[in-house]
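Trainee: I would like to go through the labels used for this model and check what each one rests on.

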Amino acid sequence: MAKANMNFNMERLPKELQSAFRKLYPDQTSEQRTEYLSVNEIHHGDAFDLLPHIEPNSIALSVWSPPYYVGKEYEAYLTFESWQSLLKNIIELHYPIVKPGGFLVVNIADILVFKDLSMPRVQADVVHRKRSSITRDDVLKAQAEHPEYNRYQLAKLLNCSEQTIDRRLNGNNIRGGKSEPQTRVKIVGGMVEQWGIDAGFYPYDRRVWVKDAAWENSRWANLSYRAVDEFEYLYFFWKPGITKYDRNRLTRDEWKNWGSRAVWTFPSVRVNDDHEAKFPVELPLRTIRLLTDPDEIILDCFMGSGTTAIAAIREKRQFIGIEIEEHYVTLSRQKVTLEANR
Ligand SMILES: C[S@@+](CC[C@H](N)C(=O)[O-])C[C@H]1O[C@@H](n2cnc3c(N)ncnc32)[C@H](O)[C@@H]1O
């Protein structure tokens with residue numbers, strides 16, 4: 001069948017259209033390309049624009065941690081909808097560039113404080129926070145005696161705050177505040193699985209990284225029965241093809257301690273002084289050692305401070321990095337140079 005001619009510049013189309021057109025014209029986009037993104041470099045730009053410039057079937061492992069949609073500065077440009085389409089599109093763009101038998105590993109966490117305006121606006125009755133001894137019966141009695149009083153007048157009469165009157169009558173704090181009304185957990189695993197499958201990958205494995213318990217981030221921890229934030233997921237996707245299985249990649253102890261284990265426990269980065277959300281080098285290092293051989297190419301299209309590139313250099317692999325924020329590109333390039341000169 002004759003191929004349709006694509007006599008327009010696809011990269012000037014809106015992103016949603018680009019993704020649809022890439023499915024229709026996959027061969028033409030790669031045929032037209034003679035130059036690919038160079039290896040062992042951090043490239044500045046949007047992953048969506050740059051992934052199609054990576055050589056097809058060249059990536060042994062792509063391992064990254066995307067924006068989690070938890071209100072970080074670098075994800076301020078995203079709505080929940082655009083965050084979902086960013087991840088869906090990025091996963092889809094991986095399929096042509098991962099080599100057959102290779103892997104995509106997504107490190108992500110559930111969204112613990114997810115706004116859901118359909119949620120009933122009722123909050124916990126936090127017993128240890130109650131300061132006033134005024135009971136609901138006291139308020140009802142005062143109301144019966146002074147039916148014309150509004151809540152400010154009732155508060156004055158009972159010598160308490162008008163919020164106390166409100167809480168005793170309505171059973172909750174309708175103003176919101178620290179405990180974030182109408183928020184719930186958003187479990188992301190199902191979405192990530194579906195995006196992987198839609199792209200052509202097969203979910204291959206999932207592991208849990210147990211990190212430091214983030215008490216300081218858990219505003220809800222002493223106002224509800226929710227647990228603190230202390231683990232993340234690693235979802236492994238496989239592109240059909242021959243996968244080399246080599247027991248010698250790890251020592252016997254490494255297989256026993258983490259290679260064959262679903263739960264990985266290692267500390268978070270001690271200080272996020274130069275980047276808001278770094279993962280520790282141990283995370284890409286383990287996936288690189290488990291799933292690839294020396295000299296193979298490792299990709300991280302959300303490169304941040306350069307952690308995956310550092311792990312790749314330590315393990316004598318090649319890497320390609322992509323990062324949208326210029327200052328993180330500068331930072332990661334500096335770190336790569338330091339690591340390479342070690
Ligand atoms: C969770 S952080 C990754 C941190 C990294 N793993 C590290 O250890 O430093 C996500 C990174 O993705 C970058 N980013 C966000 N949107 C992007 C996009 N569309 N293309 C490329 N990078 C993007 C952010 O600037 C941020 O540095």
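Mentor: Start with burial: a residue is buried if 20 or more other C-beta atoms lie within 10 Å of its own, exposed if 12 or fewer, and partly exposed in between. Keep in mind that this is a predicted model.

Trainee: Why is N57 called partly exposed?

Mentor: N57 has 15 other C-beta atoms within 10 Å.

Trainee: Where is N57, and what does N57 touch?

Mentor: N57 sits in the loop between α3 and β2 (59–64). Not counting residues up to four places away in sequence, N57 touches K99 and P100.

Trainee: How many residues of the protein chain are buried, as a percentage?

Mentor: Of its 342 residues, 28% are buried.

Trainee: What makes a set of residues a nonpolar core?

Mentor: The members must be buried, come from the listed nonpolar types, and be joined through C-beta atoms within 7 Å. The largest such set has 53 residues, and I59, L61, I90, V105, I298, C301 and A309 have the most contacts inside it. Strand β3 (residues 98–108) gives the most to this core, with 6 residues. A second, separate core has 5 residues, including I134, L154, A155 and I165.

Trainee: Which residues is I298 in contact with, leaving aside neighbours within four places in sequence?

Mentor: Among them are A60, L61, V63, I288 and F319.

Trainee: Why are β1 and β8 said to stand at the edges?

Mentor: The open sheet has 8 strands in the order β1-β10-β9-β2-β3-β7-β6-β8, with mixed pairing. β1 (41–44) and β8 (263–265) each have a single partner strand, so one side of each is left without a neighbour in the sheet.

Trainee: How do you know that β6 and β7 pair?

Mentor: Pairing needs at least two bridges. Strand β6 (residues 202–210) and strand β7 (residues 231–238) have 8 bridges, in the antiparallel sense, so they count as paired. R206 has Y235 in β7 as its bridge partner.

Trainee: What classes of residue form the shell around the ligand?

Mentor: The shell has 13 nonpolar, 5 polar and 4 charged residues. In all, 22 residues surround the ligand, and the closest are A47, F302, G304, S305 and T307. The elements giving two or more residues to that shell are α3 (47–50) and β10 (318–323).

Definitions and conventions. Residues numbered from 1 in each chain as written. Predicted model: local features only at pLDDT ≥ 70, side-chain atom pairs only at ≥ 80, totals over all residues. Near = placed C-beta within 6 Å. Helix = DSSP H or I, 4+ residues; strand = E, 2+ residues; numbered from the N terminus. Nonpolar A, V, L, I, M, F, W, Y, C, P; charged D, E, K, R; others polar. Contact = placed C-beta atoms within 7 Å.
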